Each structure stands twice: as C-alpha cells, then as structure tokens.
Amino acid sequence: MSADIEDILPLTPLQEGLLYHAQHGTAGPAGTVDGYGVQLTLRLAGTVDHGLLRAACRALLRRHANLRAGFLHQELDRPVQVVASDVDTPWQERDLRETGRDTDAPRAREAAADRLLAEERDRGFDLSRPPLLRFTLLQLADEEHLFTLTYHHILLDGWSVPVLVRELLTLYAHRGDPAQLPKLRPYRDYLVWLTERDQDATRAAWAPVLAGLEGPTCLSTAARAGQDRPVARADRPAQAPAHLTTDLSERLTRELRACAAAHGITLSTLVQGAWGVLLHKLTGRDDVVFGSVVAVRPPELPGVADMVGLLINTVPVRVRTAPGDSLAAVCARLHAQQAQLIDHQHIGLAELQRLTGTGELFDTVVVHESYPVDLAPADPDVPGPRITGTRDRGGTHYPLALITHPGDRLRLRLEHRTDLIDAVTASGLLDRLVRILRTAATDPGRLVARTDVLTEEERGRALTDWGRGAPPVRAGWQPAPTLPGLFAVQAARTPERVAVEEGSTRLTYRELDARAAALARELLACGAGPERRVAVAMDRSADLVVALLAVVRTGACYVPLDPRWPERRRRFVLADTGASVLLTEARSPRALGPASARRHATVAHPDALAYVIYTSGSTGVPKGVAVTHRDVIALAADTRLSSGAHQRVLLHSSHAFDASTYEMWVPLLNGGRIVVAPPGPLTAARVEELVAGHVLTGMFLTIGLLRVLAEEAAGCFAGLREVWTGGERVPPEPLRAVLGACPGTTVVAVYGPTETTTFATCRTFAPGDHVQDAVPIGRPLDGTRVYVLDGSLGLVPPGTVGEVYLAGAGVARGYAQRPGLSAERFVADPFAATYGLSGERMYRTGDLARWTPDGQLEFAGRADDQVKVRGFRIEPGEVEAALGEQERIGHAAVVAREDRPGDRRLVAYVVPARGVAPAEIDPAQVTEAAAERLPGHLVPSAVVVLDALPLTANGKLDNAALPAPGRTTAAGGRAPRSERERALCALFAEVLALPEVTIDDSFFALGGDSLTSLRLAGRVRSVLGVDLDLPLLFRHPTVAALEPRLKQPAAAATQRPALRRMR
C-alpha cells in the first residue's frame, strides 16, 4: 500500500470492540481469522466485462475513504483508523467453465466455486493493512458469474452493503465514472457527530436502566445439560456459525404485526420481548439481558441513509418479568425503556460494562434487519448484468444470534457457535421462540408464568417417562402396613434368621422381636403411645435397633438425639418435640415431665409418625422432619433396595442422620441382616475387614467419606454388591476408582433430602460403565415423582435448570411444630390430576437440577447457596468442578468469605491428589489454571491447600472449620522482584488509574476490560519493547504470571509501513 496518509480518524465503539476481538483470532494466509469476515456473493446473469467490473471496484475504493482504512492500536492510548490516500484493488478472477466437463458439470462448477470462496473467506485480514475488502469474480458459464465481496465487518454494516452494490453497478454501467452517483456524505462526518455526543447525559440515561443488574445472562452454559459446558469467553476466537432458518406463516406474521400495532410497539420490540421471555424460561431468572444490534444513523445528519460504513452498535436489552406480568406488559415495558434510550444508543458496550461493574453482560444478540435490501441500481435502464440471486455469510463471537428479516413471512435465522451449542439444542430454542410468538399473537394478555414453551412430547417425558418412578410392587404387604406390623410378619416367616449382628452378639428375628416387645411394655408404662415422642439418645449398637423397634411398637415415634451433640441442642430438641419419654439405654426408659397413665399398645396407622429427625435450619434454628410409617415402608419396598444387594447392610451412621433409616429398616423389612459397625471412624482397613468378615452386600456412605476411603484404598469395597453414595454433589473420581478396583461392585449415586425419607432418585453405575464428569443423580425411586419447575411452578424445558420438587412416596408429613414452614415447603401438587390423584403434596427442595437429553437428573446446586462477589452471582460447584480437573488436585471446596468487613471474596480450598504433597501445589498456578477454564469473576482470589477437607459428623463439608486464607493473595500481594516486574506493575497501575499494583493482582479483577487491555498492550510495547498478545494476558492476568512469558518480538515479525506526514 502507499504510505501516504489521507486522514486519521477515531473508531466507533463497535469498531473498538471488533478490533479487540480480532486480537483473539487464529492465523490465516492474509491475516487474522476472527469470525467477523463477511462474504456477500451475487449471482450475475448476462455478459460481464471483467476489466470494467474491476475498474468499477477501483472507483468504489477511491470514492469511499473509509474503505481504505487500516486500524492501529499498538503504542497508542486509543486505537485509530488510518486512511491511506490510495490502495491497490484486491482482485482475483477464475474461469470455471472447463470444470467438470466429464461429470455433472453445473454441480461440479458450483462445488469448485464453494471451495474457492471458502478459501477466500478463511484467508483472514490484517486489520492494519487496508483495504479490508477483496473482490472475487468466478465465471461459471458464458453468461453466468459469481461476484463476491469479502470484507471485515469493522468496515461495513448490513445497511451499507446494498448501497455499495448499487453504486458498484452504476459505476460499471458508466465505465467507472463517479459523476453519475449522488453527492457523497463522508463517513468522517458521522465520526465527528459521535464525538460531539454528551457522554455524561448518555451515561445518566443508561444508569437507571442497568441499576441492580446482578450479573450476565449466559445461555450457552445453561443450555447444555449432560455435557461438558465450555465457557464463552472473550479471548476465545469466534467461529463461523451454523445457522437454522424458519419462515413464519403469512397469517402468523400478520397477527404479530397486528398485535404490535394494537399495543403501540414495533414488531422488533415484540420479537425482543419474546426472546427475553425465552431467556427467562431457559435460565430461570426474572431479570435477563441480551444484546441488540441497533442502527445508529442520526436523522439530523443529512445523507446518512446512503452513507457507507459501520453505523451500528451493540447495546444491552434488559427484560424483567414479575409473577403478574403478561406478554403484552413485558413488551410494553421494553418499548418504554427503549424509547428513553433512543438518543443514547451510540455508547460503547465496554462503557456500559464499566457502568454496571459486572463485566460481561450477555452471550446472545438479536438483530432486526430492517434496512433496504434492493441491490439493483436506482435507474432500471442502467445497462449491465442482472442479479439473480444472493448469498451472504457472516460470523460473530457470540454463541447465539437471532436475526429477523421482515417480509410477508417473517424470517427467523438463528446462528449458533457449534462448539458451544449443538444443532439439536439450537433447533429446540428456535421452536420455543416460535411457540412464544404464536402465543403473543393470539393471546398477548396471557401471563408469562402460564406461557408454556414445552412440546406435548417434552411434557409427557417430564411427567411420566422421566419424572415418575415405577409403581410400588410391594405396597400390598398388608392392607395397611406399618413398621411393627411388617416386622412381625418377617419375624414369623424367618424367626431363626439373624437380624442384627454386633461383634460376637447376634440377635435372630425371634430374639429381636421378643426384646423389642419387652422394652415396648416399659415404654408404655412411662407414657409412650400413639403420636407421642420418645427421645432416643444412644450410640449405634444392637440395643439401638431394639430401642427404635420398641418405640414404633408402642405407636409412638422416636426422636433421635446424638449423644455427641452439645447439651444445648439436645435440650432444644426435647423441648421442641415435647418428648414424653427419654431412652438412653435399651432397658431403662425415663418419663419426662409429670407422670402419665399407662398406655396400651395400639395398632399404628400407616400415616402415623415413625420418627422426627432434626436438620439444620436456614435461620439457625434446627427443624424436625416428621416422617411416617408409610414413608419408611416405601423406601424399604423399592425394587432397588429390596433385592439381594441389601441383605447385609452396615449400620455405621448416627441414628440422628437419616441414612440410618436405610441402614436399619431396609434390611429388617426385607428379611436381611443389620451389621453394626464397631465404635470409631470408618477406615479403609476397617471397611475391608467388615466386608470380608460379615459378608456385607450393601452400604451407604456420604460422598465425602467415600472419597476419602477410595483415595486410601478403593479396593476395600471388593465383595460388596452395591455401594450407595450421595449427600452432596458427587464427583466422578471416587466412583471411577471404586468401579476400577472392585469389578464385582456396583456404585449408585443417590439424591434425596431428609424431607423425602433418605433417597428420592438414584443413578446406577455397574462395573464397566462410563462415569461422566457431571455425575447425574438419575431418576426417581418407585412411587416417587420428580418435577423440575420454574418460579411459577411450571415445568422447565429439558436442559434448563429449575428447582426440584418431590412428590409421592416418601414425602414427609412436614416439620414438627412448624406449620408455617411446612406450608411453605410442602405445597399442593399441581400435576396430581395427571396421575388421577387429588390432594397430593410435593416438597420444595431448594435444590437445582436439569434433565439431560437422555432423561437423567443432573444436580446443579442450591437455589439459596449462590454467593455474590463483586456483584456477580457465583455457583461454587462450577468453580469446584474446574479446579477438580487440575491434575494435582484431588478435590476442592469453594466458598465466599468476608474475613474483613466489605472484603468479600471467593476462596478455594484444595486437597492434593493421591501421591502429591501439599507443598507441591502452588496456589498461584492453581489460580492461573482456573483462569484457563473460567471467566475472571469465577476465579478464586485465594487458594488454601489442606491435607483434607474438614467434614461434619455426617460426612459433609464443615464450612465453619475451613481456615481463613493467608496473606499471599491479591489482598496482600507481593512487591515487584525485578525491574521488568516493576515496570509492568507501573503500567498496570497507569492503565487502570490505580495508585499501585502488586505482582499478584489480576488485571481483570482490578477492572481491566477489552479496551484497557488494548491500551496496556500498546504501552507494554512502547515501554518494554515486547509484544503482549491479549490471549496471553487473559490466561495470565497477574504480573507474576505474565512477566516470565513475555518474549521479544521475532526478527521476522511483520513490519507495518512507515507513516508519512499528511499532505
């Protein structure tokens, strides 16, 4: 190119963003391939003078100065576009008429043309070397050509392209004479107009619209259930998207236009409102954001309609929904919001991100292509070839882009990055959008909460195929089965079979029945009886089994008290339940309170209480879960548990932990044997000894305990038929270890809150089965129903996170002495009629989950344990999963801490993998590796290495025992250790406008973004003489990590031409 400079211009906000994304592209033959290369192909019929068309292209470049611009940013505070006074015309032509002479010639020529144009598009662009526009002419036949414009989006918007083509054809018809074209309004005038905008007024207009925004709306991660979900990050190169297209019927299009007109909004706003409702449905959030590509062609600028350049911008659209909102109300509110912002749509997205303080805002965009599409010259008599067809290909770094094309039939085009959203998912999204639009057209007053986005097939799967367990097969044990009744039947059937074994002590069913009957008489003498509470404060033992069986024989329910509890908690439980009897050993019950009359044993009802077990309450006050005989019997009758795999079960849990319900009642009611574990914690050696010595067949362990034992000696479970595990999110490593070490053992991942009697769903992994990274929690047990619902109790689509509700078998009566809390958590089942039932309740778990494509439930965290750090909502499980992928880390826990007032940060606690010493784990390297996988706001600010994670008595993570992080983090970062580190710290501080920066401070955590990173790269090159690649900065955002990775530019690096002074 000529080094003569015609002009130096600023960039529009969107151009700055595109320049930033270009730094993260991949290398192509002509420059960077970043996904923003656009290709428009015109099919021309008639004779084409190749030389004349090339001359017209040259004249077009001379006419529009901004088509000769290159974009520079290195060593500059702000990037600029430099307009060259003259450039060569990039031109290539190929004659394909001889292609495929001996085959299907037309098809062969088309295929050859497709290959050539794909190669042309994949050449990429060096944005510093104009022109960023190339012309290709392919001749298919004597009077058939394909003429293609390949350009970078940083030059042109969609509106400009028809203007450019019309001018090109006019120039061709007049042999390149620009006198036949209308007077040009230069793009420079538009840039001047932008600089004259009142930015303070614009920020003030946007501030209330974005106030209170909690974080980004990212559909690409929410939409991929049962799969590894890569994060859509700014440093990942954009890819040419796949696309799906659907044309709405003429009738539906007319109805949508009529609906929009009736409510005083535009069709574009109606589509945006529908997209916002779809995001609400798919993310479960009442406050969502997506991007909108808007035309910024100010009417006060004469000639702007025919201006060629990039006169668009991407701005956020915020859609909030409330329980009482109709579709029309959502769209009306959106219309009013956009009307307030109509004069302020020129502001840069990076500026708005800084305004919200949340960084990334969205990963989907909506484009309404309302610009004129007529490509023919204004004068129909202009000679030249006719355009008989067009084809365009574009790209974006966003995972999803919805593009609407108005017409008699509204066209919806959904572009999606295949590395983030597959074709099946994308097709489902488009179908759901059409469903919402159809509802809006015919019933705009319908509540959003009642707007269904599921197909009938999906609804059927959710309610029956996936969400309903098999019918109970042993519910007919007795007409009205109770625990003592079923045990009595079993004792009569197998009186000499061993029921309980503890060390050398063995009790047969006959002996256990006799001892329980004797104790029951003593309990009755102390006042025990139907619906009365008997507190049992005993350690695990054969006597404990006798005691619990005796309590239910009286018609009373037992209230477990763990002897290790603090006295204050024990007293609270006694007072809260109003326990009338206390049992501390199996021979001497003690009446509590005034003496009461002796009661007689009565036949309990299936809906009588069996026990009241206490769990932690969100308010800090424990709550008692009241479980009935029917609930416990349903668990024991499940086909998975009533099989031979659970004939000999280890009782090792405290009876105050609901796992003991499985450990005691499943074997007893099925003629099996309880093996009582000896005192003390379970070790791998002890488990191996117990399995071998007592021929154990089944066992439940919390995942925390299973993980410890599997790491110690996974083979200790060899001989067991089944190991069940759960209690919290199940990682894959311990399951893989046990399955690998114990070829005859099946591992079952289970899920179930105490309120649904221990287990509600399970996923079985037999030997040889693949254990996926995200271990599912499976499908419901017999008689249990699982619903995944949104905030309005509507079924969510497959793959969408919702709250788990459980109904049917096992759902407890409620919370003892807590009618208000019971009514809040145990609610009416709106789907009961589907199964021919009435008066059913369901339990609101507070857990989040999604259905995978193959109908497995996948746990997704808690609805109420989301943490917020620096304005971001964070799901710790996502961070923990990413940390767990690091080779040296065995497992991790992530929490939000506020050890100093106002200093709330994300802290990771990691335990080394087996064979790795704690000293071998460098917290800084852990953070760097996490930054490779996670967005900046999900990367922990501190990493604490522990020998083991502290566990509660029930085997769950003990958050209270986690130590505070040390000071070797960003909060107490280290000073520079070399001159180059000192210089980098100074540059970080300069660009971020901070007084100082340590070598451990993350550039992005301190407020860096796409534009400031560009500036930093320029300053680093200027001061240090080295190239700073932006992907390198994104992966290593601290000076300590970045400095050793900076290299001197290669000697053969491409040099930009020297600039000459403007004339």
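Keep in mind that the model is predicted. First, the whole chain. The chain has 1063 residues, and 56% of them count as buried. Its secondary structure comes to 29 helices and 42 strands. Now the contacts. Take those between residues at least 6 apart in sequence: 71% join residues at least 24 apart. As for the surface, the chain exposes about 42,800 Å². Carbon and sulfur atoms supply 50% of that area.

Next, Ser 326. Where does Ser 326 sit? Look at the loop between β12, residues 312-320, and α10, residues 327-340. Is Ser 326 buried or exposed? Ser 326 counts as buried because its relative accessible area is 13%, under the 20% cut-off. A polar atom of the Ser 326 side chain lies 3.0 Å from the backbone nitrogen of Ala 329. Now set aside the neighbours within four places in sequence. Ser 326 is then in contact with Pro 444, Gly 445, Arg 446, Leu 447 and Val 448.

How many cavities of 30 Å³ or more does the structure hold? There are seven. Helix α18, residues 629-637, gives the most to its lining, with three residues. The lining of this second largest cavity includes Asp 631, Ala 634 and Leu 635. Also among the lining residues are Asp 638, Phe 759, Leu 781, Asp 782 and Gly 810. By type, the lining divides into five nonpolar, four polar and three charged residues.

That's the tour. Thank you.

Key
Residues numbered from 1 in each chain as written. Predicted model: local features only at pLDDT ≥ 70, side-chain atom pairs only at ≥ 80, totals over all residues. Heavy atoms only, no water. Helix = DSSP H or I, 4+ residues; strand = E, 2+ residues; numbered from the N terminus. Buried < 20%, exposed > 50% of the residue type's maximum accessible area, 1.4 Å probe, protein only. Polar contact = N/O pair within 3.5 Å; in protein donor to acceptor, adjacent residues only side chain to side chain. Contact = heavy atoms within 4.5 Å. 1 Å grid on protein atoms, 1.4 Å probe; cavity = no way out; pocket = protein on both sides within 12 Å on 5 of 7 lines; lining within 4 Å. Points joined across faces, edges and corners; volume = space filled by probe spheres on them. Nonpolar A, V, L, I, M, F, W, Y, C, P; charged D, E, K, R; others polar. Areas by Shrake-Rupley, 256 points an atom, 1.4 Å probe, with all protein chains shown as cover.
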